[in-house]
Amino acid sequence: MKNTVDFIKIKDGELGAVNLNNMIPVNESNYSLVDLNKETLTIAELKYQKLLREQLDWLNANYKQVKNKSFKLYQLYNNGKLPENIKLFQY
């Protein structure tokens, strides 16, 4: 996959990606916060915690890029100008 108006690779895909097309409003009752400083019990939890920290660090360092892309996607949607390939994946 490549970076597009609705898709951003995190650290060239090494740490995953953000699919802006999946942005939806969520009430506070429908999510829980993750404490990235808590002690973990297993190696798998420690690895996942490390990945989340690295993703968060990248997202914070690239805040303007993420914000600008998400705003551009929002504007395209509101103006009825989404590219066809993005329209296909809307719910």
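Which residues make up the largest nonpolar core?

**View 1. The largest nonpolar core of a predicted model.** This core has eleven residues: V5, I8, I10, L15, V18, L20, W58, V66, L73, L82 and I86. A nonpolar core is a set of buried Ala, Val, Leu, Ile, Met, Phe, Trp, Tyr and Cys residues joined through side-chain atoms within 4.5 Å. Buried means under 20% relative accessible area (1.4 Å probe, protein chains only). The model is predicted: local features need pLDDT of at least 70, side-chain atom pairs count only at pLDDT 80 or more, and totals for chains, interfaces and linings use all residues. Residues are numbered from 1 along each chain as its sequence is written, and side-chain values use heavy atoms, without hydrogens and water.

**View 2. Surroundings of L20.** L20 belongs to the largest nonpolar core. Beyond its neighbours within four places in sequence, L20 is in contact with V5, D6, I8, K69, S70 and L73. Contact means heavy atoms within 4.5 Å. Across the protein, 42% of the contacts with a separation of 6 or more link residues 24 or more positions apart.

**View 3. Order of the elements.** The protein has three helices and two strands. From the N terminus on, they run β-β-α-α-α. Helices (H or I, at least four residues) and strands (E, at least two) are DSSP runs.

**View 4. Charged side chains.** There are 13 positive and 10 negative side chains in the protein. The centres of the two sets lie 9 Å apart. Lys and Arg count as positive and Asp and Glu as negative, with His and the chain ends not counted. Each charge is placed at NZ of Lys, CZ of Arg, CG of Asp or CD of Glu.

Note on methods. Buried < 20%, exposed > 50% of the residue type's maximum accessible area, 1.4 Å probe, protein only.
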